[in-house]
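Reader: I have a structure open and would like to go through part of it. Can you show it here first?
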Amino acid sequence: MSTAESPAHPRFAEALRALGLDVEVRRFPDATRTAAQAADAIGCDVAEIVKSLVFVARGIPGAEGAEEGTEEGEPVLVLMDGSSRVDVELVRRELGAAAVRRADADLVRETTGYAIGGVPPFGHRTATRVLADRGLLGHAVVWAAAGTPHTVFPLDPASVIAHAGAKLVDVRERMA
């Protein structure tokens, strides 16, 4: 299927082409916006879904705008399996940041070029720091958004992490 015929978002289809990746992008009539919706549509376990979540970190040592008083902070992408939650405190510690919070929908779109529910792990409008939770490696294949809330693609997790330029970390929320 050519880039022009791909059901993926055009920016993401171009990223796949630029990376030389030939993956099957699947489009579903119903939204695959959440990990549960995507797993139901694909017929896989929710843990095999890659969530691409944008956070804002303020006060990262050595980062632009790292001063304590800077309001905006730096967008950071966290890749997490669909059955887990991100521990924001672990992300903060990993980055050495003063504070970390979830990004709002406008910042997600501005940073990545995609709407929440369709953010792929790579192929973004701007380069950002990327953290990938080690739990993703527990699967032979994972499914991630292909730039829209209706499209997904499969890839082995090591390739997802490598193409995203992610640092492998442990930032999954632990059950008490």
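Author: Val 142 stands opposite Leu 155 in β7. This is a predicted model, where local features need pLDDT of at least 70, side-chain atom pairs count only at pLDDT 80 or more, and totals for chains, interfaces and linings use all residues. Residues are numbered from 1 along each chain as its sequence is written, and side-chain values use heavy atoms, with hydrogens and water left out.

Reader: In what sense do β6 and β7 pair?
Author: Antiparallel, over 4 bridges, with β7 covering residues 151-155. Strands here are DSSP runs of E, at least two residues, numbered from the N terminus, and two of them pair if DSSP finds at least two bridges between them.

Reader: How many residues lie between them in the hairpin?
Author: There are 5, and Gly 147 in the turn has a positive phi of about 100°.

Reader: Is Thr 148 buried or exposed?
Author: Thr 148 is buried, at a relative accessible area of 16%; buried means under 20%, exposed over 50%, partly exposed in between, with a 1.4 Å probe and protein chains only. Thr 148 sits in the loop between β6 and β7.

Reader: Leaving aside neighbours within four places in sequence, what is Thr 148 in contact with?
Author: His 9, Arg 27, Gly 117 and Gly 118, where contact means heavy atoms within 4.5 Å.

Reader: New topic: what is the average pLDDT of the chain?
Author: The average is 90, and 91% of the residues score at least 70; pLDDT is the predictor's confidence in each residue, from 0 to 100. Over residues 65-70 the pLDDT is below 50, and beyond near neighbours in sequence that stretch has 6 contacts in the model. Where pLDDT is low, the predicted coordinates should not be read in detail.
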